[in-house]
Amino acid sequence: MVHIKRLQEDGADIIAIVGEIDASSSIELDLAIAKSVGEGFKKIIVDCQALEYISSAGLGVFMSYIEELKDKGISFVLFGMKERVLNTFSILGLADLLNIRETKQEAKKLADELSV
Amino acid sequence: MFKTKAVTRFTSLCATVAWVILVFSDITVLFSDIKSLPSDVPVWLPRVMLDVYVIALFYYYKFKIERDESLTFTDLLWKVFATGLIATVISLAVRLILFLLGSTKLPSNILFIDFVYQINLALFVNFLLAAYTCWKRLILYQKSKWLMRAWLVFELLLLSILIYDSIHIVLSETISTIAIVVTSLLGLVLSANMRWVAYLNFKQKWTSLLLLLLSLFYLVYFLYSVTIWSDQISQQSQAFIDFQSHAFNIALLAFALTYMTFSFLVVLFNLPTSSVFEQKLEEVINFQRISQSIQTEQSEESVYNILLESSVRSVFADAAWLEIKGSANEQKLYTFQITEKETKDIHNHLEKNKIKGALDQSSDKTKNLSKHLGSLKNSRFRSLLAFPIKVKDETIGTLALLKELPDGFNKEMTRIISAFANQAGISIENFRLLEEAFQNARYKEELKIAKTVQKSLLPTKLEQDADFEISAFSASADEVGGDYYDTLRISKHEIALIIADVSGKGTTAAFHMSQMKGIFHSLAQLGPNPKDFMAKANKALVYCLERGSFISATYFVINTQSKKVFYSRAGHCPVLLFRTSSQTADYLKDKGTALGMVRSHDYCNFVEDNQFSYASGDVMVLYTDGITEAKNNKGEEFGNERLAQELQKNASKSSKEIEESVIKALYQFSGSEDINDDYTSMTVKFN
């Protein structure tokens with residue numbers, strides 16, 4: 001089960017993921033990111049502080065957006081991952097492809113830098 | 001069928017023979033009487049022959065009409081009418097002959113008159129029995145135990161009257177009076193059974209009226225002609241038995257006449273209400289159409305169209321529309337004699353006037369909104385009725401019916417449409433359930449195929465070498481994943497190993513897995529260094545994998561000459577290596593991104609070439625994340641730590657034993673035999 005909340009802060013869209021993301025709940029994540037991109041946000045920050053687990057399907061969602069985000073010049077930053085979750089990202093090599101920061105402030109700062 | 005034919009033939013033959021004997025014996029008796037001679041034939045013979053004639057005909061019609069299931073109500077009336085018509089035509093023909101004979105001697109001869117009389121009587125009785133049999137079927141149309149018993153008593157009474165007539169035992173006056181009263185009362189009560197009339201439609205009622213009227217006319221005609229002739233004969237002879245003295249004939253006549261008259265009147269008075277009955281019937285048929293539409297039609301759309309059409313027809317609405325939230329949450333609008341703009345106008349009008357819970361789909365009650373329409377200008381409609389359509393207690397749509405008349409809907413109509421809407425809801429629910437079941441069945445079938453494919457893709461035999469022993473294990477959950485491992489000998493001293501995990505489940509996973517196998521078998525034999533292998537594999541896979549799916553893999557080349565393992569990891573779980581020198585199991589730290597994630601050429605920047613030397617007794621464990629992520633009932637994961645410990649404990653054993661102990665520990669930890677992911681591991685022990 002997963003719960004996804006979106007809120008806007010300083011022109012950035014913050015997507016907070018609460019719970020676990022597996023094959024079925026990954027659809028919700030996909031939807032949330034698609035909406036955010038569709039609404040034209042130039043800065044998207046994903047709050048992973050309450051993300052307990054992510055399966056390969058969930059990672060696939062992030063992966064599938066990498067190119068689109070690059071093409072549209074949207075800065076995309078994740079932050080606050082638990083070690084276990086971060087481990088999943090790094091094993092797959094996604095940590096090198098995505099921008100991952102520890103705190104929200106860092107994430108926001110990076111997003112600002114990237115969008116310039 | 002054959003038997004029935006034989007019986008009808010036999011009975012008609014009996015009747016004919018009986019009638020011929022009847023005629024001759026009667027003429028003989030009459031002749032003897034006139035000439036005052038002793039009769040050669042017994043006086044009772046004509047009477048008995050008449051009984052035989054009656055009984056034979058009774059059975060004839062019983063088999064001809066009563067048993068014929070295909071006859072409808074009008075067919076029955078038609079039978080009576082046709083019998084009457086034939087009888088009347090024959091009788092009129094006889095009259096014509098009489099007329100043509102003019103004033104010759106023959107027509108005034110009493111014996112000839114008797115002959116004519118017998119012909120008419122036979123036709124008359126025939127007609128009456130045909131009518132009797134048909135009435136029986138009409139009366140017993142809706143049988144009840146009580147009705148069946150009453151009819152049996154009635155028939156037995158008639159039979160006893162018939163016997164009583166012919167044996168001529170004179171019973172006391174009271175007994176015969178009682179018998180007559182009971183029979184007539186019973187006949188009257190039975191004649192009140194007119195249920196069949198209700199099932200006739202308007203046209204059939206008119207036909208029935210005509211047929212009944214003509215039959216009535218024949219009856220009266222026969223009564224008239226038979227009476228005239230019998231009067232003529234009885235004036236001249238004492239021995240002649242008037243048909244009127246035959247109580248059975250009178251009873252039969254009375255019954256046929258009564259029922260005929262009753263039927264005529266009932267049909268006549270039912271004429272104005274026939275449209276109501278027809279309408280009810282149509283409602284039932286429409287009802288059936290809605291419920292049957294699941295089996296016959298293949299879409300929800302047809303259910304909606306039938307609902308719309310049936311509702312409009314049942315309540316004579318001028319227009320209607322149906323708003324439906326489809327299974328994929330899309331809004332659909334079906335209209336009948338109304339434009340979409342008009343429906344929108346009405347919608348907006350109601351919204352503007354803040355009429356809550358009416359046409360919005362949160363409403364779960366039938367509403368008569370006619371009064372609100374009054375204030376809408378430029379609309380031809382003055383009455384509006386809205387019904388919710390529910391599936392599993394959830395309102396999925398609204399049915400709106402419109403009339404141009406004010407107050408056009410009554411309570412009856414509301415009730416009917418509610419029933420329609422409910423039935424449509426049930427049909428749609430069933431339809432969706434059916435669809436779901438189909439989908440599930442298809443999915444299961446797909447899984448079965450995927451599982452077979454997946455199994456067949458894994459090697460049955462692993463490459464063996466004197467320098468190491470290798471064993472592999474793979475178990476898959478119900479939901480097919482895409483774990484893959486394989487080995488390939490490149491050269492005398494080089495052996496390639498691969499372990500991979502395809503993201504996603506089901507057929508797609510199995511499909512990608514087969515692609516991976518193809519890539520492995522074609523690339524590995526060229527002997528590329530591991531990083532090149534990954535770069536080429538990525539290039540090949542990028543255009544096959546759909547958005548969001550990827551393959552994690554680790555590729556190894558074991559060189560037995562240099563005692564080195566060259567490998568490249570692409571997003572797969574890190575290699576677990578036990579070294580005899582340190583007696584510890586550790587995870588190799590390196591970098592690498594999964595195949596299919598980076599679509600550009602710079603993928604080679606995301607993978608590395610790695611290597612390590614091995615010594616005798618070293619153990620390398622390759623596995624998929626199903627093992628490390630296996631959970632126990634507390635929700636804890638098996639984890640890297642436990643896996644490493646298990647290897648450390650058992651490292652001195654053979655590769656097969658190491659593997660078995662790891663699997664055993666895994667099952668013990670998860671606490672159950674059924675697994676929720678794929679477990680795959682490959683254990684290599686160096687000699």
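Two strands pair if DSSP finds at least two bridges between them. Strands (E, at least two residues) and helices (H or I, at least four) are DSSP runs, numbered from the N terminus.

The model is predicted: local features need pLDDT of at least 70, side-chain atom pairs count only at pLDDT 80 or more, and totals for chains, interfaces and linings use all residues. Residues are numbered from 1 along each chain as its sequence is written, and chains are lettered from A and ligands numbered from 1 in the order in which they are written.

**Exercise 1. Work out the strand order of the open sheet of 5 strands in chain B and find its edges.**

Step 1. The order is β7-β8-β9-β10-β13 (chain B), with antiparallel pairing.

Step 2. β7 (482-489) and β13 (610-613) of chain B each have a single partner strand, so they stand at the edges and one side of each is left without a neighbour in the sheet.

Step 3. From one strand to the next, the twist averages 15 degrees.

Step 4. Helix α16 (residues 530-542) of chain B packs on the sheet and touches β9 (551-559) and β10 (564-570) of chain B. Contact between two residues requires C-beta atoms, placed from the backbone, within 7 Å. The direction of α16 makes about 30 degrees with that of β10(B); axes are lines fitted to C-alpha atoms, for helices over the stretch in contact, and angles run from 0 to 180 degrees between N-to-C directions.

Step 5. B:Gly482 stands opposite B:Val502 in β8(B).

**Exercise 2. Which residues touch the most other members of the largest nonpolar core?**

Step 1. A nonpolar core is a set of buried Ala, Val, Leu, Ile, Met, Phe, Trp, Tyr and Cys residues joined through C-beta atoms within 7 Å. A residue is buried if 20 or more other C-beta atoms lie within 10 Å of its own, exposed if 12 or fewer, and partly exposed in between, with C-beta atoms placed from the backbone.

Step 2. The largest core has 104 residues, and those touching the most other members are A:Ile45, B:Ile498, B:Ile551, B:Leu595 and B:Leu647. Helix α15 (residues 506-524) of chain B gives the most to this core, with 8 residues.

Step 3. Leaving aside neighbours within four places in sequence, B:Ile498 is in contact with B:Tyr485, B:Asp486, B:Phe520, B:Ala553 and B:Tyr555. Apart from this core lies another, of 60 residues, including B:Ile65 and B:Leu212.

**Exercise 3. Summarise each chain.**

Step 1. Chain B has 19 helices and 15 strands, and 38% of its 687 residues are buried.

Step 2. Chain A has 4 helices and 5 strands, running β-β-α-β-α-β-α-β-α from the N terminus on. Of its 116 residues, 42% count as buried.
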